[in-house]
Amino acid sequence: MPKERGIVNTWDIDKQFGFVSVTSGKPDAFLHSENIRDLNLREEVKKVGLKRGDKITFNLEPPETGRGKMVAVNIELEGGGGGGGGRGGGGRGRARSESPPR
């Protein structure tokens, strides 16, 4: 299954979920912190959440109930690589370096 790309449009830090706009034009998909691939990033997201505008890559799966939005799984921050809390130390969540566009 090919990786999709998208932009986080909402995140509820208390409930640990949100939604992503899929850049390929598919309908928005459901995000949950438990579907973040990197354990360090997952723990960080549980504390500070994802930010509106964060660019992510993911796979899409149908919902377990068979109803509702597709579910983003294997979520990774685009350009983040994971493994070291790549969100940076700035209080606004924008201190991480961005890869130049390809």
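Okay, before anything else, one term: rings of Phe, Tyr and Trp count as a pair if their centres lie within 6.5 Å. Keep that in mind, and keep in mind too that what we're looking at is a predicted model.

So, how many aromatic pairs does a search of the whole structure find? Three. Let me show you one of them, F17 with F19: the centres are 6.1 Å apart and the planes sit at 90 degrees. That makes the F17 and F19 pair edge-to-face, because any angle over 60 degrees gets that label.

I'd like you to find β4, residues 55-61. Is β4 mostly covered or mostly open? Mostly covered, with five of its seven residues buried.

β4 has strand partners, so let's take them in turn. One is β1, residues 4-12, which runs antiparallel to β4 and is joined to it by four bridges. If you want a spot to look at, find R5, which stands opposite T57 in β4.

Another is β5, residues 71-77. Here five bridges do the joining, and β4 and β5 also run antiparallel. Which residue in β5 is the bridge partner of E61? That's V71.

While you're following those strands, here's a general point: in a regular strand, side chains alternate between the two faces of the sheet.

Key
Residues are numbered from 1 along each chain as its sequence is written. This is a predicted model: local features need pLDDT of at least 70, side-chain atom pairs count only at pLDDT 80 or more; totals for chains, interfaces and linings use all residues. Side-chain values use heavy atoms; hydrogens and water are left out. Buried means under 20% relative accessible area, exposed over 50%, partly exposed in between (1.4 Å probe, protein chains only). Helices (H or I, at least four residues) and strands (E, at least two) are DSSP runs, numbered from the N terminus. Two strands pair if DSSP finds at least two bridges between them. Rings of Phe, Tyr and Trp (its six-membered ring) pair if their centres lie within 6.5 Å; planes under 30 degrees apart count as stacked, over 60 as edge-to-face and the rest as tilted.
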